[in-house]
Amino acid sequence: MNVLSHAKAALALAIAGVCLTSAAQAADPYPNKPIRLIVPFAAGGTTDIVARVVAEGLGRELGQPVVVENRGGGGGSIGADAVVRAAPDGYTLGVATVSTMATNPATNPKNPYNPLKDFAPITNMVNVPNVMTVNPSVPAKTLAEFITLLKNNPGKYSYASSGAGGISHLDGELFKSLTKTDMVHVPYRGSGPALNDVIAGQVNVQFDNLPSSMPHIQAGKLRALAVAAPKRLPALPDVPTFAEGGLPDMDNMAWYGLVAPAGTPQAVIDRVHAAAVKALKDPKIAQRLADGGSLVDGNMPAEYAAQIKRELELRQRIAKDRNIVLTN
């Protein structure tokens, strides 16, 4: 075979290779490289824990690694904005929370994104019950007794929050509004320091995610008065829901979902949704999430979009009624 024949043969093989590669990519173009999952809070919190558990199963179902990237700051707005600014190609996803999609936009006029327009909802991964706790020194054993105590002592008791404009702040203000009581708001830089001071008795009350409060409730360092959940929890069978206590509007759980930048192709959204739901149904993953106090969801994109809208409207109403506006 002469040089020209060798060249023609090589060219033919190259063309065949390109065609085979193109055919393979056309058949399954996404994903063909690692996927970045932005967590808008620091490592170690509930958002990060949920993200890492689901990312493991999601990567397995998609056939590509899903790499968690923590981008904390601004109550979650910095990480959320990073998702918005990413290319809408399915290789950057984000974890959405009540903070990023509702409380931040509701209370901060300078929030850099629109939660209803700048994201493509994929699915709500889990719901997490919230709990209202008091320091054991508070002379009230039940929710009804505590409400009576507040009405008889306006302004005497205080509640801790993870920060002005956050979920626990708005939950505290909603509670005050619904019960027509008054407590002093004491904001902290995170739920951890707030929790510590309630345990120490520096502050009387906290509205918090159940997973972080549960060990202290079990140890007797906190008294749980009510849980925000659809029904009583097996781990706290003697603690009523807010609805049982006459406050159904307080039964709002925290949630942690998957979103992509707006404009991400629908085929990609569908692929990620299917993979996420399959991962959430894995018994090992579901058990790990349950062990952390999470209730697996896995709803459809349209259902999750409606959930985000409802939460935003609720938080906007609370912020307006209680005149909560962040100025920095």
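**Exercise 1. A pair of rings**

Are W255 and Y304 buried or exposed?

*Solution.* Start with the ground rules. This is a predicted model, where local features need pLDDT of at least 70, side-chain atom pairs count only at pLDDT 80 or more, and totals for chains, interfaces and linings use all residues. Residues are numbered from 1 along each chain as its sequence is written, and side-chain values use heavy atoms, with hydrogens and water left out.

Step 1. Buried means under 20% relative accessible area, exposed means over 50%, and partly exposed lies in between (1.4 Å probe, protein chains only).

Step 2. Apply the term. W255 and Y304 are both buried.

Step 3. Look at ring pairs. Rings of Phe, Tyr and Trp (its six-membered ring) pair if their centres lie within 6.5 Å; planes under 30 degrees apart count as stacked, over 60 as edge-to-face and the rest as tilted. The whole structure holds 7 aromatic pairs. In one of them, the ring centres of W255 and Y304 are 5.6 Å apart and the planes stand at 85 degrees, so this pair is edge-to-face.

Step 4. W255 lies in strand β10 (residues 254-261) and Y304 in helix α11, so the pair ties together parts that are 49 residues apart in sequence. Helices (H or I, at least four residues) and strands (E, at least two) are DSSP runs, numbered from the N terminus.

Step 5. Look for a cluster. F146, Y157, Y159, F175 and F207 are linked by ring pairs.

**Exercise 2. One face of a helix**

Find which residues of helix α5 are buried, and what they pack against.

*Solution.* Step 1. List them. In α5 (residues 143-152), the buried residues are L143, F146, I147, L149 and L150.

Step 1. Look down the axis. The buried residues of α5 fall within an arc of 160 degrees, so they line one face of the helix. The arc is that of the directions from the helix axis to the C-beta atoms.

Step 2. Recall the general rule. An α-helix has 3.6 residues a turn, so residues three or four places apart point the same way.

Step 3. Turn to the other face. Away from the buried side, α5 carries the exposed residues A144, K151 and N152.

Step 4. Name the partners. The buried residues of α5 pack against β5 (130-134), α6, β8 (205-209) and β9 (223-228). Contact means heavy atoms within 4.5 Å.

**Exercise 3. Two residues compared**

*Solution.* Step 1. Take Q206. It is found in strand β8. Q206 is buried, with a relative accessible area of 1%.

Step 1. Take A286, in helix α10 (residues 283-291). A286 is partly exposed, with a relative accessible area of 23%.

Step 2. A286 and V296 are 10 residues apart in sequence and 6.8 Å apart in space, C-alpha to C-alpha.

**Exercise 4. Backbone details**

Which residues are joined by a cis peptide bond, and where does K180 lie?

*Solution.* Step 1. The cis bond joins Y30 and P31, with omega about -5 degrees. P31 sits in the loop between α1 (3-27) and β1 (35-39).

Step 1. K180 is not a glycine, yet its phi is positive, about 55 degrees. K180 lies in the loop between α6 (167-179) and β7 (184-187). At 72% relative accessibility, K180 is exposed.

Step 2. N323 is not a glycine either, and has a positive phi of about 55 degrees. N323 is placed in the segment after α11 (301-321). N323 is exposed, at 64% relative accessible area.

**Exercise 5. The whole chain**

How many helices and strands does the chain have?

*Solution.* Step 1. The chain has 11 helices and 11 strands.

Step 1. Buried residues make up 50% of the 328 residues in the chain.

Step 2. Take contacts between residues at least 6 apart in sequence. Of these, 77% join residues at least 24 apart.

Step 3. Box the chain. Along the principal axes, the C-alpha atoms fill roughly 100 × 40 × 30 Å.
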